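I set down each criterion once, where it is first needed.

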Amino acid sequence: MKKKILEVNEISSSTKKSFIIRTITAIAMALVLVPAVIFGDLFFVIPVVLVSFVAFYEYINVLSTKKYPRFIDIFTFLMTIILTYWVWAKQGLTSGFVNGDGHIILNDISISTLALATMMLLLFLFSMMYTKFDVTDVCYLLTMALLISLGFQSLFFLRFSPMSSLSGFYDYNGHHMQSSLLLFYVAIGSFASDIGAYCTGILFGKHKMNPRISPKKTWEGFVGGVVLSFAVSFAYAMILDANGIPLLKTILDIEHWYNILILSLAMPFISVLGDFLFSALKRFYNRKDFSNVLPGHGGVLDRIDSLLVTSLVVTLLILAFSFYRGLF
């Protein structure tokens with residue numbers, strides 16, 4: 001008897017139930033966040049700030065079982081806020097927050113070296129003072145503070161940079177909401193990777209990628225995620241540009257299609273790497289999820305971990321493309 005090349009897995013009732021809960025939660029989140037992204041400005045800033053505060057709490061709360069003084073958590077929370085939103089203060093003191101049309105802009109991402117140095121020195125000092133708070137915990141908090149703060153900065157950058165000097169203050173024919181399409185492009189690349197991997201893994205997954213860190217991820221799911229993410233994100237960018245709406249004029253448009261190709265290929269790989277990174281940190285501290293605020297997904301960080309990492313790397317690549325453009 002010949003063995004089937006691609007045999008569909010039997011789906012358990014618990015998996016079906018989990019899929020339904022995840023889908024309902026994802027739709028509910030989309031109904032809130034998609035309009036916020038489209039309208040931009042404070043409609044986007046306010047909910048993202050609130051989400052970021054939940055994410056800060058979640059990553060700090062991973063250490064809740066350790067009996068060290070809680071003022072360390074408060075200090076870490078406040079320093080993470082400073083690291084995340086310092087870029088706005090810096091830009092406000094130089095070029096300002098808005099463009100000529102009165103819309104919020106962001107040209108760059110930035111970390112305060114003074115804030116980072118202060119956080120680092122005091123956390124290491126606390127590790128010497130309290131036996132329940134060790135160097136491992138310091139490294140975890142510093143790593144997460146940097147990664148999450150830069151990740152949220154990147155979300156703001158992707159939403160507000162299309163109407164900044166980075167693209168020559170391109171006005172999208174007067175339609176401000178079209179500047180949201182760059183962030184949607186990255187979100188599509190990240191979430192399509194997650195969806196493709198999840199669905200393909202459920203149906204055909206048999207070979208584990210790294211069971212020590214993420215027991216449910218399979219190579220079959222990984223391939224499905226890469227294919228879906230690339231196909232959807234690249235087609236999205238090309239169709240928009242064909243209709244006169246570039247993702248980012250002079251950097252991610254039809255004339256620079258190779259930049260779009262690079263990003264569309266990179267996003268699913270970065271998304272998986274980001275997911276593994278956060279999973280490894282959770283496993284180290286014996287946590288399944290960062291919290292349980294989102295049914296079927298866990299915490300805010302469990303849902304947006306790959307998006308934060310993908311947004312950060314895409315932002316860095318866009319800035320690199322911009323710098324390269326300026327040299328020639």
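**Entry 1: disulfides.** I took a disulfide to be a pair of cysteine sulfur atoms within 2.5 Å. My search of the whole structure finds zero disulfides. The model is a predicted one, in which local features need pLDDT of at least 70 and side-chain atom pairs count only at pLDDT 80 or more, whereas totals for chains, interfaces and linings use all residues. Residues are numbered from 1 along each chain as its sequence is written, and side-chain values use heavy atoms, with hydrogens and water left out.

C139 is partly exposed, at a relative accessible area of 37%. C199 is also partly exposed, at 30%.

**Entry 2: salt bridges.** My criterion is a side-chain nitrogen of Lys or Arg within 4 Å of a carboxyl oxygen of Asp or Glu. The whole structure holds seven salt bridges.

I looked up D275 with K217, whose side chains meet at 2.4 Å, N to O. This pair links distant parts of the chain: D275 belongs to helix α8 (residues 257–284) and K217 to strand β2 (residues 214–218), 58 residues apart. Helices (H or I, at least four residues) and strands (E, at least two) are DSSP runs, numbered from the N terminus. D275 is buried, with a relative accessible area of 13%, whereas K217 is partly exposed at 24%.

I next recorded K288 with D289, where the closest N and O atoms are 3.5 Å apart. Here K288 is exposed, with a relative accessible area of 64%, while D289 is partly exposed at 25%. I also noted a network of salt bridges that links K66, D134 and D137.

**Entry 3: R70 and its two partners.** R70 forms a salt bridge with D73, the closest N and O atoms being 2.6 Å apart. R70 is partly exposed, with a relative accessible area of 35%, and D73 is buried at 13%. I then asked which ring R70 lies over. R70 lies over the face of Y68, at 4.3 Å from the ring centre. A charge counts as over a ring if NZ of Lys or CZ of Arg is within 6 Å of the ring centre and within 35 degrees of the ring normal.

**Entry 4: aromatic rings.** Rings of Phe, Tyr and Trp (its six-membered ring) pair if their centres lie within 6.5 Å; planes under 30 degrees apart count as stacked, over 60 as edge-to-face and the rest as tilted. I find 25 aromatic pairs in the structure. In one of them, the rings of W257 and Y258 have centres 5.9 Å apart and planes at 75°, so I class the pair as edge-to-face. Both residues are partly exposed: W257 has a relative accessible area of 44%, and Y258 has 40%. I also recorded a cluster in which ring pairs link F44, Y85, W88, F97, F156 and F160.

**Entry 5: a nonpolar surface patch.** I27, L31, V32 and L33 make a nonpolar surface patch of about 400 Å². Patches are made of residues with over 30% relative accessible area and no salt bridge, with like charges joined within 9 Å and nonpolar side chains (Val, Leu, Ile, Met, Phe, Trp, Tyr) within 5 Å. Accessible areas come from the Shrake-Rupley method with a 1.4 Å probe, and for residues only the protein chains shown count as cover. L31 lies in helix α1 (residues 13–39) and is exposed, with a relative accessible area of 64%.

Notes: Buried < 20%, exposed > 50% of the residue type's maximum accessible area, 1.4 Å probe, protein only.
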